[in-house]
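This report describes strand pairing in one protein model. The sequence and structure come before the details.

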Amino acid sequence: MITMMTMTAKYTMRTVAKSCQKGFIKSMPSAMRSLNSIKDDNSSKIVVSPPLVTLDLPEAWTPNSNPYQRLPPLNCSNEPTASVIDGKSIAEEIRSTIAREVRRMKKFIGKVPGLAVILVGERRDSQTYVRNKILACEEAGIKSIVSEFPEDCTEDEVLSALSNYNEDASIHGILVQLPLPQHLDEGKILDAMSLEKDVDGFHPLNMGNLAMRGGEPLFIPCTPKGCIELLIRLGVEIVGKNAVVIGRSNIVGLPTSLLLQRHHATVSIVHALTENPEQITSEADIVVAAAGVPNLVRGSWIKPGAVVLDVGTCPVEDPSCEYGYRLMGDVCYEEAVRLASAITPVPGGVGPMTIAMLLSNTLDSAKRANNFI
């Protein structure tokens with residue numbers, strides 16, 4: 001007699017085999033490890049679900065044109081209609097408030113928040129982000145420390161540094177700068193971080209609580225939190241509005257979509273395998289572009305009057321700039337500014353808000369750890 005467990009195992013084996021044939025997973029042995037817990041035992045009460053093999057498909061976006069050239073307007077009015085969202089100015093207001101709170105904390109309990117950053121490799125954009133975060137910490141009076149590792153470092157080296165920061169009472173927030181090199185297990189490293197110090201909000205429990213109705217994460221990921229903060233401070237109505245998030249990364253796309261749902265928007269996620277992304281996006285009242293592809297979103301993607309938040313920060317070589325490159329967004333600014341009601345520039349839009357939210361999360365963590373109100 002064929003037991004339920006045997007039937008489940010056979011179904012799972014067929015699923016894995018088909019996925020290998022289609023190229024969704026690379027090797028049968030690695031996938032078959034998921035079958036180890038399936039046993040032909042009538043007394044067993046656990047039925048293991050088939051592996052989720054399609055989640056690892058690559059995000060291979062196809063830009064509409066050469067992303068590095070400045071594009072002429074496409075079917076747009078001659079004059080800009082959008083107000084430019086000054087993320088830098090709003091972030092400075094938030095950081096000023098944080099600095100006052102840090103001074104108050106130091107005055108009354110003699111302690112300040114502490115942030116530790118782990119940086120692996122020499123990605124120019126990651127180095128820029130870390131440099132800006134450390135500078136912001138200094139200006140706010142927050143203690144900061146950076147551990148830098150070469151591109152070919154071992155996973156154990158990163159985990160060791162992480163463990164030390166987990167145990168350090170003077171450190172209230174830990175940030176692992178993403179993305180990590182491919183040979184490092186990002187999930188394993190983030191999972192090893194102390195939940196109470198996960199100021200980036202990427203720990204599985206923080207992400208899970210964000211996703212669950214009624215769940216309360218200790219921290220919300222900084223970029224999504226900054227996007228919502230911009231919308232709220234600008235008085236943009238979110239409840240009941242159509243919102244499209246372009247990109248589904250764990251860093252921005254996924255948590256942004258969850259956070260917009262928390263604010264009762266109707267949310268669609270557009271990714272590299274979406275059919276008709278232009279049509280879907282053109283129906284949105286709020287667009288958050290986080291694909292990492294320069295000039296992906298053309299004017300034809302934008303509904304007149306929509307609010308556009310461009311999270312894209314793509315480094316493009318430019319010898320005239322201080323560091324030899326400039327940052328471009330996912331949205332063709334020259335076109336979108338003639339259609340949207342409000343838009344963030346790149347740089348100077350979402351980026352400064354991300355850093356402000358990081359400081360805010362670190363301050364909250366320090367207050368919680370020291371029972372300081």
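Which residue in S8 does Ile286 stand opposite? Ile286 stands opposite Val307.

## Basis of the model

The model is predicted; local features require pLDDT of at least 70 and side-chain atom pairs pLDDT 80 or more, while totals for chains, interfaces and linings use all residues. Residue numbers start from 1 along each chain as its sequence is written, and side-chain values rest on heavy atoms, with hydrogens and water left out.

Helices (H or I, at least four residues) and strands (E, at least two) are DSSP runs, numbered from the N terminus. Two strands count as paired if DSSP finds at least two bridges between them.

## Strand S8 and its partners

Strand S7 (residues 286-289) pairs with S8 in the parallel sense, over 4 bridges. S8 is also joined by 2 bridges to strand S11 (residues 342-343), and these two run parallel. In S11, Ala342 is the residue opposite Val307.

S8 covers residues 307-310.

An open sheet of 3 strands is ordered S3-S2-S4, with parallel pairing. Strands S3 (143-149) and S4 (173-176) are at the edges with a single partner strand each, so one side of each lacks a neighbour in the sheet.

Strand S2 (residues 114-120) pairs with S4 in the parallel sense over 4 bridges. Leu175 in S4 is the bridge partner of Val117.

Key
Buried < 20%, exposed > 50% of the residue type's maximum accessible area, 1.4 Å probe, protein only.
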